[in-house]
Amino acid sequence: MIAYMKLQLAGVPLGNPHDASKRLIEAIENAQIIAAEDSRRFQRLCQDLEITTNAKILSFFEGNEDERTEQLLKELQNGAEVLVVTDAGMPTVSDPGFKLVRAAVEAKINIEVLPGPSAVTTALALSGLPTDRFCFEGFVPRTQGAREKFFENLKFEARTIVFFEAPHRLVETLEDFQKVFGPDREGAICREITKTYEEVIRGPIKDLIKWAKAKEILGEITLVMGGFASNKEFSVEDLISE
């Protein structure tokens with residue numbers, strides 16, 4: 001029985017259910033155990049895809065990740081196949097799953113990834129900023145002091161930078177970014193990617209702040225910021241201030 005144990009990580013649609021792959025649909029229909037970040041949102045996805053599953057569905061989110069990782073590892077070691085899905089995108093990428101993958105690797109359990117939509121690469125492509133080299137920095141820290149230190153550490157990052165942020169902290173994050181990177185650094189706000197009310201706002205940070213202050217921000221936010229321009233000319237005063 002142990003030979004058949006398998007952990008599957010499945011990328012799910014960011015918002016538009018039509019982005020679901022055939023492999024994802026088959027995996028859901030055939031799964032024995034499904035670890036879902038939000039079981040209600042997962043059930044809604046199944047309804048949108050018009051599919052049913054007889055799998056045992058377990059909630060698997062940040063608050064219970066340690067406990068569930070131990071439970072799911074035991075299921076895997078007993079020969080079960082476990083499918084992990086998040087609310088959107090790929091498990092382990094700023095979402096639950098990393099601890100389970102690490103445990104599965106150590107236990108020599110087979111791991112399979114079902115590729116799917118990614119907010120990181122989708123936002124990068126939408127941004128209009130350089131895509132040849134980029135880095136993903138996850139969620140921006142919540143407190144102002146931590147945010148400013150976080151941005152200071154990225155001040156001379158030459159690659160395009162991708163972040164996640166909560167809508168209610170967007171203005172504060174952009175303002176802190178402006179303090180460190182200046183008002184003219186190019187960026188893009190990608191909101192509700194692939195959904196009905198998708199928006200992409202491009203321009204210098206100062207303009208992004210004006211846009212964010214002018215309306216109520218709702219939905220999922222991905223920020224893309226241009227990298228440091230190494231060919232920029234600096235005055236003596238600029239270099240001293242750095």
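Helix α3 (residues 65-77) has 13 residues and spans 18 Å from its first C-alpha to its last, close to the 18 Å expected at 1.5 Å a residue. The expected span is 1.5 Å times one less than the number of residues. Helices (H or I, at least four residues) and strands (E, at least two) are DSSP runs, numbered from the N terminus. The model is predicted: local features need pLDDT of at least 70, side-chain atom pairs count only at pLDDT 80 or more, and totals for chains, interfaces and linings use all residues. Residues are numbered from 1 along each chain as its sequence is written, and side-chain values use heavy atoms, with hydrogens and water left out.

Six residues are named as buried in α3: Glu 65, Arg 68, Thr 69, Leu 72, Leu 73 and Leu 76. They cover an arc of only 135 degrees around the axis, which puts them on the same side of α3. The arc is that of the directions from the helix axis to the C-beta atoms. Buried means under 20% relative accessible area, exposed over 50%, and partly exposed in between (1.4 Å probe, protein chains only). An α-helix has 3.6 residues a turn, so residues three or four places apart point the same way. The buried residues of α3 pack against β1, β2 (33-36), β3 (56-59), β4 and α4 (98-106). Gly 79 follows α3 and has a positive phi, near 100 degrees.

Strand β1 (residues 6-10) is mostly covered, with five of its five residues buried. Lys 6, Gln 8 and Ala 10 point one way, Leu 7 and Leu 9 the other. β1 pairs in the parallel sense with β4 (residues 81-85) over four bridges and with β5 (residues 110-114) over five bridges. Pairing requires at least two DSSP bridges between two strands. Leu 9 stands opposite Val 84 in β4. Ala 10 has Leu 114 of β5 as its bridge partner.

Gln 8 lies in β1. Its relative accessible area is 12%. Leaving aside residues up to four places away in sequence, Gln 8 touches Ala 27, Val 82, Leu 83, Val 84, Glu 112 and Leu 114 (contact: heavy atoms within 4.5 Å).

Five strands form an open sheet of mixed pairing, in the order β6-β7-β10-β8-β9. β6 (134-139) and β9 (199-204) stand at the edges, each with a single partner strand, so one side of each lacks a neighbour in the sheet. Within this sheet, β8 (residues 186-191) and β10 (residues 221-225) pair in the antiparallel sense over five bridges. Gly 187 has Met 225 in β10 as its bridge partner.
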